[in-house]
Amino acid sequence: MSRYPLIADHGMVGDLQTAALVSSGGVVDWFAAPRFDSPSVFASLLDHDRGGHFTLAPAHRDVMAQQLYYPDSAVLITRFMSPEGVCEVIDWMTPITDPTPTDRHTLYRGIRVMRGSVTLRMACRPRFDYARADHELQVDGDNAVFRSPGATAYLQSRNIPISQDGRDVVGEVVLHAGDIAGVAFTVCDPDGAAPKPRTVQDILGDAWSTIDFWQRWVRASTYRGRWSGAVNRSAITIKLLTYHPSGAPVAAATMGLPEQIGGERNWDYRYTWVRDASLSVRALLDLGFVEEAEKFVHWLSARLHEREGKTGEPLQIMYRVDGDPTLTEETLDHLEGYRGSAPVRIGNGAADQLQLDIYGEALYALSEGREVHRSTGYAGWKALSRMLDWLADNWDRPDEGVWETRGGRKDFTFSRVMCWVAFDCGIDLATDWSRPADLAKWSRARDAILDQIMTKGWNEQEQALVQHYGDDAVLDASLLVIPRMCLLAPRDPAWLSTLEAMDRTLVSDSLVYRYDPAASPDGLRGSEGTFSLCSFLYVDALTRAGRLREARYAFEKMLTYSNHVGLFAEEIGPTGEQLGNFPQAFTHLALIMSATALDRALNEAREA
């Protein structure tokens with residue numbers, strides 16, 4: 001058996017401030033606390049030997065596993081089946097809906113035996129601070145405490161006897177049909193008090209309240225279309241990836257997972273990109289989840305207010321979940337990386353890049369929803385207005401682009417497209433809500449951008465809009481948003497020929513590359529797979545072009561590439577495996593967008 005499970009071989013649980021991954025082998029191999037962007041406690045997904053893990057699974061070797069979510073919830077069930085017996089390990093974290101951050105986070109693991117007898121083994125091997133910090137261990141009966149300089153963890157084991165194994169805790173028990181057991185693993189600050197005593201009934205009872213929370217939340221969705229299961233799972237995933245105290249979604253739960261096995265594209269995605277977060281919030285808003293949008297508006301407004309009176313860009317492209325702009329990038333050379341994919345990075349050096357498209361995504365997210373408009377207030381509007389005034393003077397600059405290239409700035413067409421969107425949405429908002437704005441200046445900028453895109457971004461040989469201005473005719477799947485953003489009509493001849501060029505160059509059996517794999521602009525070695533975000537954007541573009549049969553085929557085929565519990569990483573590799581950080585909010589928001597557009601178009605076609 002491989003030392004590393006497949007990236008896709010995981011479900012995710014979380015409490016709205018952090019998250020953990022659980023493999024179908026019953027191993028928690030990724031968990032950072034107290035926040036998404038905190039140092040890891042378990043990270044064997046990035047180093048099998050050094051990273052640390054929490055394993056709870058049958059000892060029998062001849063066992064089959066099946067993993068699933070309790071319907072419309074974030075409670076994960078891993079069912080183990082063997083000739084001797086059948087049991088379930090139930091993993092969850094209780095949602096923390098308090099508006100203030102907390103340093104105390106508990107991962108619950110419950111066990112039920114349904115048939116026969118099962119010998120269960122447990123191994124709790126935390127490695128604090130990305131496996132850089134040592135810890136002391138004290139075991140007292142069925143409780144244990146791990147103390148490190150930066151955090152303390154408490155283990156409460158019920159009906160599983162435990163013992164000390166060096167600096168780790170292990171346990172083994174034989175359970176019979178009808179037996180239950182439970183474990184609670186709580187991480188807190190170094191001086192945090194021990195959690196209150198829990199019975200096994202207390203632990204398992206909490207699972208039902210967590211199920212109730214998620215099912216009540218999902219019922220607020222207005223989507224009643226064909227793919228409600230996939231849409232609901234994507235909405236829950238985005239919600240799980242949103243830091244509740246601030247309302248800021250992170251791009252993914254993990255760091256360092258490779259876009260190519262053995263390659264160097266191993267980034268830390270546990271931060272809030274203005275682009276990804278804005279589109280995530282817009283996807284939830286389109287499903288009727290207004291509260292999440294309002295919280296993010298306040299977070300975004302706070303970032304704009306922080307820059308008042310300062311020179312430079314109004315927004316950084318990404319932040320920590322609390323709005324801290326410091327994301328110094330470093331490598332963890334003591335970790336071997338997933339299946340030897342090094343370097344393992346924390347922080348993100350792209351934070352200082354210029355990416356002008358983010359203003360378009362931010363305005364696009366704010367352009368829908370009456371409650372969101374009202375929640376910005378007059379001060380919020382003035383901050384947005386100042387941002388657009390700045391953009392009117394700065395849109396015509398080379399930047400690093402949506403794919404965060406590290407090969408130098410260029411005049412990226414997508415950046416211009418989203419600058420056009422920013423002004424278009426801003427003008428509409430100012431007009432609809434009678435807000436003060438320099439509409440003449442914004443209109444001139446919007447019109448100049450469109451003229452420039454259609455002249456400098458157009459390549460006569462390809463008969464298509466291309467990635468950047470200049471002689472290189474590189475196609476770019478980010479431009480698939482053009483019809484959604486209304487820069488060109490979905491059946492404009494220039495757009496249809498661009499879509500046909502993408503069909504020829506970027507599409508492989510409905511899966512879509514970000515750009516021509518042979519013409520990578522990112523300045524890095526190696527290759528990558530198809531980008532799942534782009535595959536769903538392709539569905540959206542096909543839908544709007546009226547190619548509904550192809551759109552439905554591409555959408556339903558993409559669903560077959562999700563993992564066993566409906567989650568997507570960034571990319572799909574050449575053999576169909578999922579690659580990159582996991583699960584990725586970008587992919588799930590695009591799934592929601594394409595599902596809603598395609599379902600609506602199919603309904604309209606049926607009624608025509």
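Author: The residues lining the second largest pocket divide into 10 nonpolar, 4 polar and 10 charged. Here Ala, Val, Leu, Ile, Met, Phe, Trp, Tyr, Cys and Pro count as nonpolar, Asp, Glu, Lys and Arg as charged, and the others, Gly among them, as polar. This is a predicted model, in which local features need pLDDT of at least 70 and side-chain atom pairs count only at pLDDT 80 or more, while totals for chains, interfaces and linings use all residues. Residues are numbered from 1 along each chain as its sequence is written, and side-chain values use heavy atoms, with hydrogens and water left out.

The lining comprises 24 residues, and those nearest the pocket's centre are Arg 282, Asp 286, Tyr 364, Glu 368 and Arg 484. Two or more lining residues come from each of helix H4 (274-286), helix H8 (413-432), helix H10 (482-485) and helix H14 (585-607). H8 gives the most, with 6 residues. (Helices are DSSP runs of H or I, at least four residues, numbered from the N terminus.)

As for space, the second largest pocket holds about 480 Å³. On a 1 Å grid over the protein atoms alone, a pocket is an open set of points where a 1.4 Å probe fits, with protein on both sides within 12 Å along at least five of seven lines; lining residues have an atom within 4 Å of a point. The volume is the space filled by probe spheres set on the points, which are joined across faces, edges and corners.
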